[in-house]
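Trainee: Could you walk me through this fold before I set anything up?

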Amino acid sequence: MSEFPTLPNGFVLGTATASYQVEGAVDEDGRGRSVWDTFCAEPDRIKNGETGDVACDHYHRYPEDVALMSELGMDAYRFSIAWPRVVPDGSGPVNPAGLDFYDRLVDSLLAAEITPAATLFHWDLPQALQDAGGWQSRDTAARLAEYATVVGERLGDRVGMWMPINEPVVVTMFGHALGVHAPGLALGFDALPVAHHLLLGHGLAVQALRAAGCSSIGIASNHAPTWPASSSPEDQEAAALYDTLVNRLFADPVLTGAYPEGLAEAMPGPVEDDLKVISSPLDWFGINYYQPSLVGAPGGGGAESPVLEGAPVPEGLPFEPRQLTGYDRTDFGWAVVPDGLREILVTFRERYGDALPPVYVTESGCSFHDVVDEHGQVHDERRVAYHREHLDAVAAAVDAGVDVRGYFVWSLLDNFEWAEGFTERFGLVHVDFETQHRTPKDSYRWFQQHLATRPSGKS
Ligand code: PNW
């Protein structure tokens, strides 16, 4: 098997999942409904009509999954807490059984010497809050902070890293502008207030976690280098606008306390005081990376993006996502561009300078339609190459002066991939969704072998 990249001492390696994608048990122990339960029950939303009702049954099988992590030997595990398990109606009474589940999970991770890294909101908003306006309503930000207090007070003494929100840009774009994720709203540019409320929720939750005594607080925000389709001024301008909307709209307020030029006016104002909350200091900044975006001016033909595949590309946009050609692709159709990870890390360092705290790659991964062969093996050498090359890209960013502290593989397990259902498999561990049998893939073995011989042991 191929050589393992050289990473700084103490570099954290971890795996990642999210509650709705792995837990199942949606009606158990007092869990309330989430927007994803509702969305999956609507016709034609999810490939093959699949749902997260059972998913990986992780709610019941977490001891087996923690044992798999323990044998893998990684330092950390990033999971998300299901808001509707802990606060079934999104505000008001707390469900003790929901908190107990995460308490057990955290304790078993610690017993296995794995650092728990918790996300508070990885998209499963309580349906009751959606009924009250969801992220279109400013109140939802305050509800997130209340829930953060509840969780922080219970788990703050044991969780090693905290992230209030996963990928605000995907919630805004996919959930509210395009309508391909829950809650399925296709508001176009009218989705911009959602971005502000998510950011405000992030800031208020950061403050709530700190007040509850939690340490090491960050964010998991997806970012991608944005490449103009050509050197024409029209394509450059379109790409710059896209970069502003998908990268800077979320990172600028958090890291600099200001919206990119022209965007503050689009937000439900006045935003000045909110920006002070949104820019509450972070201990680290998490970047989820999958692939670069190629963007041109509208009307260039080929208005198609692998990222938006299956989604209608709305008419009248001032930019046009294009197909990136000339790269290998995953079975999901996403381009494999390891150097894009180095580029976005270096861009963040250049763009934000000392305002950028230490960085973690909070997600990186690839979907292949893996099958278990007759010997019970999964030979996913393309995933081995993917992670080796992306870790090499991290090492190159470190050499270029970016303070990158860790890398989380998306994902530990094959799981419910949102609108794609169970078709896309990102795991280091194969899951048979009929039997729930777990099969470690060759990529799992590759990490395991390296980790077993790591000179410094666990970091
Ligand atoms: C992330 N894009 O979502 C999420 O955090 C995970 O829950 C998800 O399973 C994983 O990536 C793989 O999709 C993304 O279009 C969804 O650029 C879409 C994009 C990026 C990340």
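Here is our chat, pocket and strands included.

Mentor: This is a predicted model, where local features need pLDDT of at least 70, side-chain atom pairs count only at pLDDT 80 or more, and totals for chains, interfaces and linings use all residues. Residues are numbered from 1 along each chain as its sequence is written, and side-chain values use heavy atoms, with hydrogens and water left out.

Trainee: In the open sheet of 3 strands, which strands stand at the edges?

Mentor: The order is E6-E8-E9, with mixed pairing; strands here are DSSP runs of E, at least two residues, helices are runs of H or I, at least four, and both are numbered from the N terminus. Two strands pair if DSSP finds at least two bridges between them. With a single partner strand each, two of them have one side left without a neighbour in the sheet, so the edges are E6 (226-228) and E9 (320-322).

Trainee: What angle does helix H10 make with E6?

Mentor: H10 covers residues 233-256 and packs on that sheet, touching E6, E8 and E9, where contact means heavy atoms within 4.5 Å. Axes are lines fitted to C-alpha atoms, for helices over the stretch in contact, and angles run from 0 to 180 degrees between N-to-C directions. For H10 and E6 that gives about 170°.

Trainee: Which element gives the most to the lining of the second largest pocket?

Mentor: On a 1 Å grid over the protein atoms alone, a pocket is an open set of points with protein on both sides within 12 Å along at least five of seven lines, and lining residues have an atom within 4 Å of a point. This one holds about 390 Å³, a volume being the space filled by probe spheres set on grid points joined across faces, edges and corners. Helix H8 (168-177) and H10 are the elements that give two or more residues to the lining. The top contributor, with 5 residues, is H10.

Trainee: How many of the residues that line the second largest pocket are nonpolar?

Mentor: There are 22 lining residues, and the closest to the centre are Met 173, Ala 177, Phe 189, Leu 317 and Phe 319. Ala, Val, Leu, Ile, Met, Phe, Trp, Tyr, Cys and Pro count as nonpolar, Asp, Glu, Lys and Arg as charged, and the others, Gly among them, as polar. The lining has 3 polar and 1 charged residues, and the nonpolar count is 18.

Trainee: How many residues of H8 are buried?

Mentor: Buried means under 20% relative accessible area, exposed over 50%, and partly exposed in between, with a 1.4 Å probe and protein chains only. The cover over the buried residues of H8 includes E3, E4, helix H9 (192-211), strand E5 (220-222) and H10. H8 is mostly covered, and of its 10 residues the buried ones number 9.

Trainee: Which residue of E3 stands opposite Phe 79?

Mentor: Strand E3 (residues 115-121) is largely enclosed, because 6 of its 7 residues are buried. Strand E2 (residues 76-80) pairs with E3 in the parallel sense over 5 bridges. Opposite Phe 79 stands Ala 118.

Trainee: Is Glu 3 buried or exposed?

Mentor: Glu 3 lies in the segment before strand E1 (12-16). Leaving aside neighbours within four places in sequence, Glu 3 is in contact with Arg 388 and Trp 446. Its relative accessibility is 67%, so Glu 3 counts as exposed.

Conventions: 1 Å grid on protein atoms, 1.4 Å probe; cavity = no way out; pocket = protein on both sides within 12 Å on 5 of 7 lines; lining within 4 Å.
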